[in-house]
Amino acid sequence: MHKCKIAALLTCFNRKAYTLTCLQTLRKNKLCEFCFVVTDDDSTDGTAGAIAQMEDVVLLSGDGKLYWNGGMQKSFAYALEHIEEFDYVMLVNDDVGFYPEAIDALVLRSKETNAPVVVGSTCNKKGEMTYGGVRKKSNVFAKFALIPPSKEATECDTFNGNCVLIKKDAFQAVGNLDPAYTHSMSDYDYGMTLRRKGYRIVNAKHHVGVCEDNDTTGSWLDTSLPRKERRRLKEGPKGLPGKDWFHFVKKNYGLFPALYHSLTPYVRILLGK
């Protein structure tokens, strides 16, 4: 039986247990042959050493300042350079624990629907959806809603980058992630770029694995923190940096929505929401 060759692209930093679990669970697929392209951003917990002992892994390194977008750009660059070796490319977050044969199901979904992009949704330990395909709630305002997995394929406008299977021609046509971003928003931006170029994005039939939602405690969304601290956290790399956010909205919605959305986070903080 011919196995699909997939370049699984990840970046990681000091989450050794999660990263190893992610890679080990991805191996439990029968229709897929993986090449794991992992950018370790100078972890200090032994992640790189542990990954280096595994088979079929291309290990790239960072300086500790890449964050998600910078790390994934390096993994993307490797896959783009070696794209003829693969049938698919898959975006993966290293905190996903995958169900057995979950990626096999994504490959079958891709073949059944002829969709260039299939998004695998994740759930928490209670079975509640956490990440996956996304639809735009408005063509004017940057508001989104998750699309749950379903038997019938549902078109998505974009996605979270936790698990996304992409045919190599679509991946090659769109190219690398936008370097304007630091950590977040680049996955949404990449998905919206795929759609603008005419590539269909569909959801999966079932959840592909477990990934807990990000805890807002201690983040800029934590309403128990002082306003000054929330403003500081908002502008941090893992918050909602004004420059990145303005770029995302302007690129995907236009100038006036970008001006509006640039102000709304500060109003939210001011109102204690």
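Is Phe144 buried, partly exposed or exposed, and at what relative accessibility? Select Phe144: at 22% relative accessibility, this residue counts as partly exposed. Buried means under 20% relative accessible area, exposed over 50%, and partly exposed in between (1.4 Å probe, protein chains only).

Before moving on, note that this is a predicted model: local features need pLDDT of at least 70, side-chain atom pairs count only at pLDDT 80 or more, and totals for chains, interfaces and linings use all residues. Residues are numbered from 1 along each chain as its sequence is written, and side-chain values use heavy atoms, with hydrogens and water left out.

**Stop 1: the aromatic rings**

The structure holds nine aromatic pairs. Rings of Phe, Tyr and Trp (its six-membered ring) pair if their centres lie within 6.5 Å; planes under 30 degrees apart count as stacked, over 60 as edge-to-face and the rest as tilted. Phe144 lies in strand 10 (residues 144-147) and Phe248 in helix 8 (residues 242-252), so the pair ties together parts that are 104 residues apart in sequence. Helices (H or I, at least four residues) and strands (E, at least two) are DSSP runs, numbered from the N terminus. Phe248 counts as buried, at 1% relative accessibility. Now show Tyr188, Trp245 and Tyr253 too: with Phe144 and Phe248 they form one aromatic cluster.

**Stop 2: strand 12**

Select residues 163-167, which make up strand 12. Five of its five residues are buried. Cys163, Leu165 and Lys167 point one way, Val164 and Ile166 the other. Next, show strand 4 (residues 88-92), which runs antiparallel to strand 12 and is joined to it by five bridges. Two strands pair if DSSP finds at least two bridges between them. Look for Val89 opposite Ile166. Then show strand 6 (residues 117-119), also antiparallel to strand 12, with three bridges. Here Val118 stands opposite Leu165.

**Stop 3: Thr47**

Go to Thr47 in helix 2 (residues 47-52). Thr47 is buried, with a relative accessible area of 1%. Its side chain makes a polar contact of 2.5 Å with the side chain of Asp45. A polar contact is a pair of N or O atoms within 3.5 Å; within protein, one must be able to donate a hydrogen and the other to accept it, and residues adjacent in sequence count only if both atoms are side-chain atoms.
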